[in-house]
Amino acid sequence: MEIKSKKDLYDGIKKILINENQIAEEIKKAGKYIDDIYDGRPILLVSILKGSFVFMADLVRYLNFQPDIKFARYSSYEGMETTGCVKEILGVDIDLTGKDVVIVEDIIDTGLTMSHLIPNYKNKGAKSVKVATLLMKPDKLRANIKIDYCAIKIPNDFIVGYGLDYDGFGRNYKDIYTVVND
């Protein structure tokens, strides 16, 4: 699909891929998974901006303990295509030495960002680094990385909603939509 404007994108949003109730159920399971692993031990959740802020906000509501929360921002995309290079825009601003870190991501497709972050955080002294993602596109994954928790696997379609966007458009939708080309 060739998208030249936000109007083209808007016109292509016609199919709900995952509704808000399904999303909520999967996030509840993610919270239980994290609770079970850490059993109340202190952890650091790192939300990868911008897309994961919605997932992170809902996820922490399902945890039975108070995690430390930080935000980081990396870029490897321009529009709908990966650049093949991970650029740090906002790094984690605390010492990671001895910390159990859970990277919270909205979507993993190529895995390029995680293949950069996991060893980077370990090199900064993190005791452990795990990845929890709301969505993953297994058919697009190129990096050899371990995803500790994936809530929903999806096809290799372009999607918007629930924090995911196209040039800032669509983040506020409660459902996740597949953008289709008629």
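A cavity here is a set of points, on a 1 Å grid over the protein atoms alone, where a 1.4 Å probe fits but cannot get out. Its volume is the space filled by probe spheres set on the points, which are joined across faces, edges and corners. The model is predicted: local features need pLDDT of at least 70, side-chain atom pairs count only at pLDDT 80 or more, and totals for chains, interfaces and linings use all residues. Residues are numbered from 1 along each chain as its sequence is written, and side-chain values use heavy atoms, without hydrogens or water.

**Stop one: the cavity.** The whole structure holds 1 cavity of 30 Å³ or more. Select its lining (residues with an atom within 4 Å of a point), including Tyr33, Ile37, Val131 and Asp148. Helix H2 (20-38) gives the largest share, 4 residues. Helices (H or I, at least four residues) and strands (E, at least two) are DSSP runs, numbered from the N terminus.

**Stop two: Arg61.** Select arginine 61 and aspartate 58; their side chains meet in a salt bridge at 2.6 Å, N to O. The term means a side-chain nitrogen of Lys or Arg within 4 Å of a carboxyl oxygen of Asp or Glu. Both residues lie in helix H3, about one turn apart. Arginine 61 is exposed at 61% relative accessible area. Buried means under 20%, exposed over 50%, partly exposed in between (1.4 Å probe, protein chains only).

**Stop three: Asp100.** Aspartate 100 forms a salt bridge with lysine 127, at 4.0 Å. Aspartate 100 is in strand E5, lysine 127 in the loop between H4 and E6. Aspartate 100 is buried at 8%; lysine 127 is exposed at 60%.

Note on methods:
1 Å grid on protein atoms, 1.4 Å probe; cavity = no way out; pocket = protein on both sides within 12 Å on 5 of 7 lines; lining within 4 Å.
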